[in-house]
Amino acid sequence: MGIPQARFLSAIALLMFAASLAIWCAFDTRPPAWDETVHLQLALDYKQWLLHGESFESRWTAIYPPLYHLSLIPSLMIGAPDADRAMLTHVLSKIAFRIRM
C-alpha cells in the first residue's frame with residue numbers, strides 16, 4: 001500500500017469516526033460529564049475574555065493550554081453553546097489536520 005492509499009484510507013476512517021460521533025450525539029441525551037463540562041466552561045470563559053474583556057480565574061487554566069479552547073470559540077458562537085458541537089469541531093479539525101499531512 002502506497003502513501004496516497006494510506007492517506008485516503010486514513011481520511012475515510014476519520015470521516016467514518018466523525019459520522020459515528022454525529023449519530024451518537026443525535027441519540028445521546030445525557031448531560032456532559034465533568035471533563036467535557038470543564039473544557040466547555042473554559043472555552044466559554046475564554047470567549048467572554050476575548051469578546052468582553054471579562055477576566056476569569058480557573059485552576060484548570062494551569063493544567064490545560066488555551067489553544068484547544070480558543071479553537072472552539074467560533075463554533076460556540078453559533079447558537080447556544082453545546083458540548084456536542086464542541087466535540088464535533090474538535091474531530092473535524094483533527095480530520096483537516098490529518099488530511100493536510
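Residues 24 or more positions apart account for 57% of the contacts in the protein with a separation of 6 or more. The model is predicted. The protein has four helices and zero strands, and along the sequence the pattern reads α-α-α-α. With a radius of gyration of 16 Å, well over the 13 Å that the globule rule gives for 101 residues, the protein is more spread out than a compact globule.

**Overall dimensions and burial**

- The C-alpha trace spans about 50 × 30 × 25 Å along its principal axes.
- Of the 101 residues, 25% count as buried.

**Helix α2**

- Helix α2 covers residues 34–52, which is 19 residues.
- At 1.5 Å a residue this helix should span 27 Å, and its end C-alpha atoms are 26 Å apart, which agrees.
- The buried residues of α2 are Val 38, His 39, Leu 40, Leu 42, Ala 43, Leu 44, Asp 45, Tyr 46 and Lys 47.

**Nonpolar cores**

- The largest nonpolar core has seven residues in all: Leu 40, Ala 43, Leu 44, Leu 72, Leu 76, Ala 83 and Ala 86.
- Helices α2, α3 and α4 (83–100) each supply at least two residues of this core.
- The most comes from α2, which gives three residues to this core.
- Leu 76, one of the core residues, touches Leu 40, Ala 43, Leu 44, Lys 47, Pro 81, Asp 82, Arg 85 and Ala 86, not counting residues up to four places away in sequence.
- A second, separate core has five residues, including Leu 14, Ala 18, Leu 21 and Val 91.

**His 69**

- His 69 lies in helix α3, which runs over residues 66–76.
- Its relative accessible area is 1%, so His 69 is buried.
- The side chain of His 69 reaches the backbone oxygen of Pro 65 at 3.4 Å.
- Leaving aside neighbours within four places in sequence, His 69 is in contact with His 39, Leu 42, Ala 43, Tyr 46 and Tyr 64.

**Aromatic pairs**

- A search of the whole structure finds four aromatic pairs.
- One of them joins Tyr 46 and Trp 49 edge-to-face, at 6.5 Å centre to centre and with 75 degrees between the planes.
- Tyr 46 and Trp 49 are three residues apart in helix α2, so about one helical turn separates them.
- An α-helix has 3.6 residues a turn, so residues three or four places apart point the same way.
- Tyr 46 is buried, with a relative accessible area of 9%, whereas Trp 49 is partly exposed at 43%.
- Tyr 46 also pairs with Phe 56: the ring centres are 5.1 Å apart and the planes stand at 85 degrees, so this pair is edge-to-face.
- This second pair links distant parts of the chain, with Tyr 46 in helix α2 and Phe 56 ten residues away in the loop between α2 and α3.
- Phe 56 is partly exposed, with a relative accessible area of 24%.
- Elsewhere, ring pairs link Trp 34, Trp 60 and Tyr 64 into a cluster.

Notes. Residues numbered from 1 in each chain as written. Predicted model: local features only at pLDDT ≥ 70, side-chain atom pairs only at ≥ 80, totals over all residues. Heavy atoms only, no water. Expected span 1.5 Å × (residues − 1). Buried < 20%, exposed > 50% of the residue type's maximum accessible area, 1.4 Å probe, protein only. Polar contact = N/O pair within 3.5 Å; in protein donor to acceptor, adjacent residues only side chain to side chain. Contact = heavy atoms within 4.5 Å. Core = buried A, V, L, I, M, F, W, Y, C linked by side-chain atoms within 4.5 Å. Phe/Tyr/Trp six-rings, centres within 6.5 Å; stacked < 30°, edge-to-face > 60°. Rg over C-alpha atoms; globule rule 2.2 N^0.38 Å.
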